[in-house]
Amino acid sequence: MAEKRDYYEVLGVSKTATADEIKSAYRKLAMKYHPDRNPGDKAAEEKFKEAAEAYDVLHDPEKRQRYDQFGFAGMNGGQGGFGGFGAGGMSMDDIFSMFGDVFGGRMNGGGGFGGFEDLFGGGRSRRQADPNGPQRGDDMTFRLEIDFDEAIFGSERTIDITLPSQCTECGGTGAAPGSKRVTCKTCGGRGVVIGGSGFFQVRQSCPACGGEGSVIEKPCRKCRGTGHVSAPQHISLKIPAGVDDGSRLRLSGKGGGGLRGGPNGDLYVQIAVRESDIFARDGQDLGVDVPVSPVLAALGGEVEVPTPEGAARLKIPAGTPNGKLFRLRGKGVPSLRGGFPGDLTARIVIEVPANLDRKQRAALEEFQSLVSGGTFPEQERFRNRTKVFYSHKEKLSKK
């Protein structure tokens, strides 16, 4: 049995590919290896299934996260992926049923696409075949700004958001009591109308039914035939410690309301983390600038370094230069997955004293008078390099 290929390799995308890039890559492969284009070609059929398996994992945020972390091992045990795919576990009908919406094409009675016309054109998928059947609500996105401290330590929030909810008066059908949906006469229930002729045909959503394939005899007065009403929601959210800027938290079933008894969609909370006044963050690692006096840097001693766990004491040796980095292992950001925290890097920043009084100034002037050539080796090296530069310039000018 051939070794399974990496899902990103199968689709030909990078590990940082967006959802749209993954969908586009899968669509191209599926069109290339579609059974209607390759009748009787078993190799093409296997490639078609392989691409569908990769897409099933990578287009789902939770499955993709497990795959990125654990590889194929994270897809076993009923946790995601197709499991027995390619060995009878997933039929072609299953693939078409699951991913028909990727192509924008409708399904024929045998489970396949109705030829190239439907593969390229925008009919309705089998999941929308029954205009009176349940329909899942839309996934919604909410952007939430949080403080840097919340991202490090975690917190609990309540989100106030207005979402489309299923109309209670019509049960999400959009039809007034005693009324119902009937097949659209304009498109014959297909949801699309076709213009042009020959190969160059133009498909567009039916203007009479809006692509639904059916119309309501008498619209519900409360929702005006949409099946939805806007309703304020107060949703509790737990922000895990270690969440980073750009992270997405999924709240299952907290999105847009379904129609005709269908389940709600999911709510995705996009996290935006405000910058810290103290720390700079890079993944799980933190960086902090620690100002010290020239005296402490010269003589050595201890400085206090802030960390998420509290202040840490750091010993710096005598003669520590400006910009010197010290790594404090395990003092960074907590791991979202329960692993080890990141590290914290403290950078020494020598601060020039300000607002000197008379005695302080006199002391510094006395120190300056005692300075010998080796006290500031970097200054000495700089002077020597400068002398060489000007000496070279003088020689060139005499030529």
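## Opening question

Does T168 count as buried or exposed? At 66% relative accessibility, T168 counts as exposed, where exposed means over 50% relative accessible area, buried means under 20% and partly exposed is in between, with a 1.4 Å probe and protein chains only.

## About the model

This is a predicted model, in which local features need pLDDT of at least 70 and side-chain atom pairs count only at pLDDT 80 or more, while totals for chains, interfaces and linings use all residues. Residues are numbered from 1 along each chain as its sequence is written, and side-chain values use heavy atoms, with hydrogens and water left out.

## T168 and S155

Let us stay with T168 for a moment. This residue lies in the loop between β2 and β3 (181–183); strands here are DSSP runs of E with at least two residues, helices are runs of H or I with at least four, and both are numbered from the N terminus. The side chain of T168 is joined to that of K222 by a polar contact of 3.1 Å. A polar contact is a pair of N or O atoms within 3.5 Å; within protein, one must be able to donate a hydrogen and the other to accept it, and residues adjacent in sequence count only if both atoms are side-chain atoms. T168 and G227 are 59 residues apart along the chain, and their C-alpha atoms are separated by 8.7 Å.

S155 sits in strand β2 (residues 155–166). With a relative accessible area of 17%, S155 is buried. Its side chain makes a polar contact of 2.9 Å with the side chain of E150. Not counting residues up to four places away in sequence, S155 touches E150, L237, K238 and I239, a contact being heavy atoms within 4.5 Å.

Strands β1 and β9 (residues 267–273) run parallel and are joined by 7 bridges. Which residue of β9 is the bridge partner of E145? The partner is A272.

## Pairing around β15

β15 pairs in the parallel sense with strand β11 (residues 285–292), over 7 bridges. Here V288 stands opposite A346 in β15. β14 also pairs with β15, in the antiparallel sense over 4 bridges, and L325 stands opposite R347 in β15.

## Salt bridges

How many salt bridges does the structure hold? There are 23, each a side-chain nitrogen of Lys or Arg within 4 Å of a carboxyl oxygen of Asp or Glu. In one of them, the side chains of D56 and K63 meet at 3.2 Å, N to O, and both D56 and K63 are buried.

D343 takes part in a salt bridge with R327, where the closest N and O atoms are 3.3 Å apart. Because D343 lies in the loop between β14 (325–328) and β15 (344–350) while R327 is in strand β14, this pair ties together parts that are 16 residues apart in sequence. D343 is buried, with a relative accessible area of 14%, whereas R327 is partly exposed at 48%. D343 also meets the side chain of R329 in a salt bridge of 3.2 Å, N to O. R329 and D343 are both in the loop between β14 and β15, 14 residues apart. R329 is exposed, with a relative accessible area of 64%.

## Nonpolar cores

In soluble globular proteins, nonpolar side chains tend to be buried together. Here the largest nonpolar core has 36 residues, and V269 and V305 have the most contacts inside it. A nonpolar core is a set of buried Ala, Val, Leu, Ile, Met, Phe, Trp, Tyr and Cys residues joined through side-chain atoms within 4.5 Å. Leaving aside residues up to four places away in sequence, V269 touches F142, L144, I159, L237, S247, R248, L249 and L251. Another core lies apart from the largest one and has 22 residues, among them A25, A52, Y67 and M75.

Methods
Pairing = 2+ DSSP bridges.
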